[in-house]
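Hello,

Here is the structure we talked about handing over. Please have a look, then read my notes below.

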Amino acid sequence: MLRAPSAVQDCAAVEEYQEKSAARRAVEGVLAWSWCRVGGQWFAGTDDYVYLTLEGTAGCSERHLLDKPFYNDFERGAVDSYDVTVEEDLGEIQLIKIEKRKYWYQDDWYLKYMTVKTPVGDYLEFPCYRWITDEKEIVLRDGRAKLPRDDKTQILKQHRRKELETRQKMYRWKEWHPGFPLSIDAHSHSDLPRDIQFDNEKGVDFILNYSKAMENLYVNRFMHMFQSSWSDFADFERIFVRISNTISEYVMQHWKEDFMFGYQFLNGCNPVLIRRCTEIPKKLPVTMDMVECSLERNLTLEEEVKQGNIFIVDYELLDGVDANKTDPCTIQYLAAPICLLYKNLENKIVPIAIQLGQEPGPDNPIFLPSDATYDWLLAKIWVRSSDFHIHQTVTHLLRTHLVSEVFSIAMFRQLPAVHPLFKLLVPHMRFTIAINTKAREQLICECGLFDKANATGGGGHVQMVQKAMKDLTYSSLCFPEEIKAKGMDSKEDVPYYYYRDDGIKVWEAIKSFAEDVIQIYYESDEVVCEDVELQAFVKDIYVYGMRGVKASGFPKMIRTREKLAEYLTVIIFTTSAQHAAVNFGQYDWCSWIPNAPPTMRCPPPTEKGTVTIEQIVESLPDRGRSCWHLGAVWALSQFQDNELFLGMYPDEHFVEKPVKEAMAKFRKNLDEIVNAIAERNKNKKLPYYYLSPDRIPNSVAV
């Protein structure tokens, strides 16, 4: 009996299994059976003529029309079977060719896979998961993953090379803005290769989705009221959808409190900026007299710093960024604040000093909790607004969307479908290039939706990405390493940092899965070095994604299995968990406008004791911009229809038993994390669930 090796056995056992199996996979008789599975997407079926050709080591069959009399072939979601007569001995089947020819009008067809049963009873599965458009043909290999060195015959080597040559013509790099990571060369979603387009483009139309969101939220009556201010804080409730016992309602009720302000740096939708303060910067001249009433341990400020109780968030990147000038009727403002925070005796992180500009001076006072109520509140609002801008443009756009697109393009250009790393990564690239192209087309383009409500619209967001590129390093994408670099790794010192705790668990689960897959296909570090396709993939990311900047720390080459496991973990974690952590909480934390103003209409205060409630309300976004903002954070926080979450792999690119066992182990580990998070969140007023694997989509698709 032929037995498949487990996921932890060595590569030699896998090779023996595959060779014995292959020896039995020849078409030696006169009849073979084939069946194909059509995708379940809308318009996946076809009425066109479909032909099948089998190509083996000993020859090539005739072209066979796949058709059954009085039967509607290739309908959406169907599994159709056909008898194929083969007169000649083909030897071991190497490839199958599928041709589509027009019947009445051009009719695209989505084929999931085709299975061939040989006369001796063996089944050969040929994964496709692609659209066949126009009158074209595709050539497929069977589903066993192969490294370049595994291909011994010229026909397989040639197929591998031709696939990459074709892909490299389709997936071309292009500079959207100077200094940005390169992106796909496409002006619109319809320009993209059909295989990576959304199934339903209307579902990701930003203009349509924002309008629908505002209609569903009953705020469309306000959306054109630009320059019209709200009356007071309570007036914002007219557009706030109150959903009982949710985070958004809790934020609305507690947003003024210092605890809520500090908590968001740990577990809000931008929990990546806070770091332990090892020295008070000279540009923030805080004295002991200023903060003494906020410190609870009878220690000096310097002693609190040494004990690790002081934290800092610095929005220096916003300094010098141009504010939005697209609406001449509304002057908009930005600030680059510095916020000092303190861990009190209850282990809560609370603010103790805020300076709204980078340069200290008499017109840039340091605001304190002991100041007048509205002085302190407005200073915190300015920090929340600055945090929103950094979150949207750097944390979210650059460090998840644009980086994931780099991974996607490089994968399609350098890894053929038969490569095990293509099979591993492709579920995590689903729709990423498409959503980014749609964003460049409608959202972040000149005069796009981003300009309507955001103070960094009109070009400021472009400046921010260009400035942030210097901090986009490989180590900063290694989750545990980045947490440690910020001094935030100790659970004892910072006990309620759920973003860190859950992120580490998900990172380790992904890394364990990557290690299991690597163990199956790479028997040694030498095999890693010899994989020319892997090395080309890594080089593409470094040269085009990171623009060849040595300081980025991105490797030009992978030399060990250990480094490869880390590299793959960076890719999968960034495209799944990191995006989920910073995207799907946007409505929770940003729907209450005063907690995350997308723009400010008055300049930052330059002195204390003058701020009034009227001034604060006048500074906040007007009615029209508030509604656009609300629609945006609602739309961006929704999962895709038929979302695929982490560990869900319905498209079976892998057919080998050892990999399927590794997938099952991965899902088991993820289920344990889901259960642990659910248990922790019980009875919490502020549950943290953004990194629960059952809420982490496989890819960046929204």
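Buried here means under 20% relative accessible area, exposed means over 50%, and partly exposed lies in between (1.4 Å probe, protein chains only). Strands (E, at least two residues) and helices (H or I, at least four) are DSSP runs, numbered from the N terminus.

A word on the source. This is a predicted model, where local features need pLDDT of at least 70 and side-chain atom pairs count only at pLDDT 80 or more, while totals for chains, interfaces and linings use all residues. Residues are numbered from 1 along each chain as its sequence is written, and side-chain values use heavy atoms, with hydrogens and water left out.

Back to S14, residues 338-343. Six of its six residues are buried, so the strand is largely enclosed by the rest of the structure.

Which strands pair with S14? Strand S13 (residues 310-314) is joined to S14 by five bridges, and the two run antiparallel. Val313 stands opposite Cys339. On strand S15 (residues 349-355), six bridges join it to S14, again antiparallel. There, Ala353 is the bridge partner of Leu340. Pairing takes at least two DSSP bridges between two strands. The hairpin of S14 and S15 has five residues between the strands, and Asn347 takes a positive phi near 65° there.

Now Lys343, which lies in S14. The Lys343 side chain does reach the backbone oxygen of Asp493, at 2.8 Å.

Two other residues deserve a look. Phe431 is not a glycine, yet has a positive phi of about 70°. Phe431 sits in the loop between helix H9 (420-425) and helix H10 (432-443). At 13% relative accessibility, Phe431 counts as buried. Arg547 also has a positive phi, near 60°. Its place is the loop between helix H17 (532-545) and helix H18 (561-583). At 31% relative accessibility, Arg547 counts as partly exposed.

Best wishes

Key
A polar contact is a pair of N or O atoms within 3.5 Å; within protein, one must be able to donate a hydrogen and the other to accept it, and residues adjacent in sequence count only if both atoms are side-chain atoms.
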